[in-house]
Amino acid sequence: MLLANESEVIQDAAETVTTWKDKLWNWFTDMDMWTDVLFSGIKIILIFVLTRLFVRILFRIIDRSLQKREKSRLHMNPRRLVTVGELLKNVTTITSNFIMVMLVLGEIGFDLAPLLAGAGVLGLAIGFGAQSMVKDVITGFFIILEDQFAVGDVIQTGSLKGTVEMIGLRSTRLVSWTGEVHIIPNGMITNVTNYSVGTALAVVDLPFSNSRKLEDSVELLKRAMQRLKGEQEEIPQVPNVLGIQSLTSSEYVIRIAVECAPAIRSEVERQIQAYAKEALEQEEMENQRGRA
């Protein structure tokens, strides 16, 4: 009885091995299957090559477009052009690779409909949960693309004013003149005043007593402004003593103005006042010596 059972087990094992051998042989000799694998492999290789070619073509188009923008009359900061170019290239690469992976999965035999539906639901959920971040990124992209301000510019947005230290797609970092660092999400930057574009006008009004002759005051200020221009290289021209700005029964006010870089306007105004004060003090000392 035991021998009969052992014989049946051995026979069943032999039949199983034979069946697997037949299936394996049929699998290896299935020309239709290998033909499909060959064509699918060729299609996958072709998809990969075409994707790489497409990405290279778009990269070249982006580079040429930015080169034309750089040579145009509306000049952009070269670092900003590099930032925009890299951003566009990254978006192109990610999009192209995503499409390539979807096509390859379709060739392998995956059902893309549930996968795309799941990706759509996930993207929708992320979109609702990260609306502010998406807004920050889009705003940051247009800040860079439209050259609204650059690193090193002095800007004011809302109640915050300072020097731009960093511009990112997510946020912008400002350093105020007192040293505070402000990190502002780009989505909150709704209006910007850029003090570093073009030239600014430094204006100083200096009051004098009516007992003092106007000609003496004007001449004194002109000499002080000449000395200021000679000693301060950042001032492009001699500050202009415009004359009387206002007049009362006790005093008159003389206005001094000069064009300068917007970022140093406050410093230029302080220097004008300092040189005027030094000139007045020196005149007072000379008068005291003359009386003595």
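## Briefing: a pocket, its lining and selected contacts

The lining of the largest pocket comprises 7 nonpolar, 4 polar and 4 charged residues. The structure described here is a predicted model. Its protein chain has 292 residues, and 26% of them count as buried. The chain holds 7 helices and 8 strands.

**The largest pocket**

- The space in the largest pocket amounts to about 360 Å³.
- A total of 15 residues line this pocket. Those that lie nearest its centre are V154, K161, W177, A263 and S266.
- Two elements, strand β2 (160-167) and helix α7 (265-291), each give two or more residues to the lining.
- Of the elements, α7 gives the most to the lining, with 4 residues.
- The empty space is found by rolling a probe the size of a water molecule over the atoms.

**The chain as a whole**

- Among contacts in the protein chain with a separation of 6 or more, 60% are between residues 24 or more positions apart.
- One example of two residues separated along the chain is S217 and I254, which are 37 residues apart in sequence, with their C-alpha atoms separated by 8.5 Å.

**Salt bridges**

- The structure contains 7 salt bridges. Three of them are described below, in the pairs R173 and E165, E278 and R227, and E267 and R270.
- In the pair R173 and E165, the closest N and O atoms are 2.6 Å apart. R173 has a relative accessible area of 26% and is therefore partly exposed. E165 is also partly exposed, at 42% relative accessibility.
- Between E278 and R227, the closest N and O atoms are 3.0 Å apart.
- E278 counts as partly exposed because its relative accessibility is 38%, a value that lies between the limits of 20% and 50%. R227 is partly exposed as well, with 32% relative accessibility.
- R227 and E278 also belong to a network of salt bridges, in which they are linked with E231.
- The side chains of E267 and R270 form a salt bridge with an N to O distance of 3.1 Å. Both residues are in helix α7, 3 residues apart, which is about one turn of the helix. E267 is partly exposed, with a relative accessibility of 36%.

**S217 in helix α6**

- S217 is part of helix α6, which covers residues 214-231.
- The relative accessible area of S217 is 0%, so this residue is buried.
- Apart from its neighbours within four places in sequence, S217 is in contact with F208, R212, Y252 and I254.
- With one of these partners, Y252, S217 makes a polar contact: the two side chains are joined at 2.8 Å.

**T51 in helix α2**

- T51 sits in helix α2, made up of residues 31-71.
- T51 is buried because its relative accessible area is 11%, which falls under the 20% limit for a buried residue.
- When neighbours within four places in sequence are set aside, the contacts of T51 are S96, N97 and M100.

**N194 in strand β5**

- N194 is located in strand β5, which spans residues 193-194.
- With a relative accessibility of 18%, N194 counts as buried.
- Beyond its neighbours within four places in sequence, N194 is in contact with Q148, F149, D153, V154 and I155. V154 is also one of the residues nearest the centre of the largest pocket.
- The side chain of N194 takes part in a polar contact of 3.2 Å with the side chain of D153. The N194 side chain also reaches the backbone oxygen of Q148, at a distance of 3.3 Å.

How values were computed: Residues are numbered from 1 along each chain as its sequence is written. This is a predicted model: local features need pLDDT of at least 70, side-chain atom pairs count only at pLDDT 80 or more; totals for chains, interfaces and linings use all residues. Side-chain values use heavy atoms; hydrogens and water are left out. On a 1 Å grid over the protein atoms alone, a cavity is a set of points where a 1.4 Å probe fits but cannot get out, and a pocket is an open set with protein on both sides within 12 Å along at least five of seven lines; lining residues have an atom within 4 Å of a point. Grid points are joined across faces, edges and corners, and a volume is the space filled by probe spheres set on the points. Ala, Val, Leu, Ile, Met, Phe, Trp, Tyr, Cys and Pro count as nonpolar, Asp, Glu, Lys and Arg as charged, and the others, Gly among them, as polar. Buried means under 20% relative accessible area, exposed over 50%, partly exposed in between (1.4 Å probe, protein chains only). Contact means heavy atoms within 4.5 Å. A polar contact is a pair of N or O atoms within 3.5 Å; within protein, one must be able to donate a hydrogen and the other to accept it, and residues adjacent in sequence count only if both atoms are side-chain atoms. A salt bridge is a side-chain nitrogen of Lys or Arg within 4 Å of a carboxyl oxygen of Asp or Glu.
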